[in-house]
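Work through the exercises below with the sequence and the 3D view open. Try each task before reading its solution.

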Amino acid sequence: MKKKIAIIGSGFSGLSAAAYSSQQGHEVHVFEKNSSLGGRARKFTTENGYVFDMGPSWYWMPDIIESFFEDFGRRTSDFYELVSLDPQFEMVFSDGIMAVPQNYEAMKNLFEATETGAGKRLDDFMEDARYKYEVGMKDFVNKPCHSWMEFISPTIAKSALKLDLLSNFHRFVRKYFSHPKLIMLMEFPVIFLGAAPKDIPALYSLMNYGGYKLGTWYPMGGFSKVIDAMAAVAKDQGAQFHCNAPVDQIVIKNKKATSIVVNDTEIEFDTVIASSDYHHTEKHMLSEEYRNYTEDYWKTRTFAPSCLIYYLGFKEKVPNLKHHTLFFENNLDLHTHEIYEDKKWPTQPLFYVCCPSKTDPDLAPQNCENIFLLMPVATGIEDQEEIREHYFQEMIGRLEKHTGTSDLISKIDYKKSYCIKDFKEDYNAYEGNAYGLANTLSQTAVLKPSLKNKKISNLFYTGQLTVPGPGVPPSIISGKIAANEANK
């Protein structure tokens, strides 16, 4: 039966839900509070010609993203060009630099040169991670997670022990490697899953496979090209988009969502899929009796980090800098402890630099550089301009040391900071989180916030605060799951 479906929010999960729901024959309307589509993956262009991706910059798990387009008879190459980065990224340590090559054999050689026997152990690690990736990303994550019974399948039952759900990532990595640099290299991808490696299931070695083995890519034109492509697919299926259209209320009658209120106008719908922040949706769009979760519930959840970002335009090229650079001169365990346990600004921060103009010169004026700095921070902490500036000065100093430059500040052509307050303002993000809910064992699968409202038969949730979790590919999958559930 054809339904009229409202989708709140146009991030990856909202766009995915819109495309699949439209393909199923429904009339779909997407409501976006901001002036452009994409949620955290929006872009902005400055008056002096810099084009910045506001959010995601790591294009990993290319097969998962490709499968979205294949579901609609398209390919990513119909919309944008993918470039394989080599090196995939550089890691800056206190005593040197490690460049991670695109070629896997070269990567094995790097591991072997760093630690005797580590090349062969990388093969073993990646074979184990490949199995987890194929089961985890092709079967495990596609469940709506209403019940543990969904996981009683021959494939998952057979794979239960090999998936390492009950062992932690910290110990798992150390089964294979002992050199601190290799450990840090293998642990880095799980930081953004929302907890320290000791609290993340070893299942998530699949991240290493989906990144290092399948490669680190870049969509020419920026990550916003992926948003544009997904929106084009959804529009081809018939979805309609409405920007500057914040949803203020989901109207409930007889335990069914019957309409939404947008800019003081009530519009009737048969089904609602909320890709907006889960907590905000429940607290501000629903009366208390219809919410799945209380305020106390959200206070006890473990959230992935927020981050401090600086978008910078430089009026000359910055030498000795790759597309992706991780500044890991300091202690990873200390930084993660201060994010997740102490909940305070870091004393010895790690941070990340993205310079996409090294690959894509169209993102900056001629002979200029487009750079953003990103430092993971705890959610819900004090956010003031002077605090941001303190860390900006530290990051610039370390960037100068790495690149062999001086006085970079005098060469800045554009500067904009973005942190906890902005995530709250732009995305209604709970406690200003940037990456959603942590993928800890106690917040996995059925233990995540429910994809379906338990009291309203036709209200569904999608995105990084529900199944399967944070990240671009999981969010795309989440939209597909929500659309399929709403179609029943």
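A nonpolar core is a set of buried Ala, Val, Leu, Ile, Met, Phe, Trp, Tyr and Cys residues joined through side-chain atoms within 4.5 Å. The model used here is a predicted one.

**Exercise 1. The cores**

Task: State how many residues the largest nonpolar core has, and find the residues with the most contacts inside it.

Solution. Next, take the count: the largest nonpolar core has 117 residues. Phe 177, Met 186 and Phe 328 have the most contacts inside this core. Then look for the main contributor: helix H4, residues 118–136, supplies the largest share, eight residues. Now follow one of the central residues. Leaving out residues up to four places away in sequence, Phe 328 touches Met 91, Val 92, Phe 93, Met 184, Phe 188, Ile 191 and Leu 350. Finally, there is a second, separate core of 28 residues, with Trp 345, Ala 378, Ile 396 and Leu 399 among them.

**Exercise 2. Two helices**

Task: Describe how the axes of helices H6 and H7 cross, and list the residues that make the contact.

Solution. Two packed helices are described by the angle between their axes and the distance between the axes. Locate the helices: H6 covers residues 169–176 and H7 covers residues 180–187. Their axes come within 10 Å and cross at roughly 135 degrees. H6 is therefore oblique to H7. The crossing is right-handed. On the H6 side, the contact is made by Phe 169, His 170, Val 173 and Arg 174; on the H7 side, by Ile 183, Met 186 and Glu 187. Sorted by type, the residues of this contact are four nonpolar, one polar and two charged.

**Exercise 3. Buried or exposed?**

Task: Decide whether Gly 215 counts as buried or exposed, and do likewise for Glu 66.

Solution. Set the cut-off: buried means under 20% relative accessible area.

- Gly 215 lies in the loop between helix H8 (206–213) and strand E8 (217–219). Its relative accessibility is 5%, so Gly 215 counts as buried. Apart from residues up to four places away in sequence, Gly 215 touches Tyr 59, Trp 60, Gln 88 and Gly 210. The C-alpha atoms of Gly 215 and Gln 102 are separated by 6.3 Å, although these residues are 113 residues apart along the chain.
- Glu 66 lies in helix H2, residues 62–70. Its relative accessible area is 12%, so Glu 66 is buried. Neighbours within four places in sequence aside, Glu 66 is in contact with Arg 74, Arg 75 and Thr 76.

Definitions and conventions. Residues numbered from 1 in each chain as written. Predicted model: local features only at pLDDT ≥ 70, side-chain atom pairs only at ≥ 80, totals over all residues. Heavy atoms only, no water. Axes fitted to C-alpha atoms, helices over the stretch in contact; angles between N-to-C directions. Helix = DSSP H or I, 4+ residues; strand = E, 2+ residues; numbered from the N terminus. Parallel < 35°, antiparallel > 145°, perpendicular 65-115°, else oblique. Left-handed = near helix turned anticlockwise from the far one by under 90°. Contact = heavy atoms within 4.5 Å. Nonpolar A, V, L, I, M, F, W, Y, C, P; charged D, E, K, R; others polar. Buried < 20%, exposed > 50% of the residue type's maximum accessible area, 1.4 Å probe, protein only.
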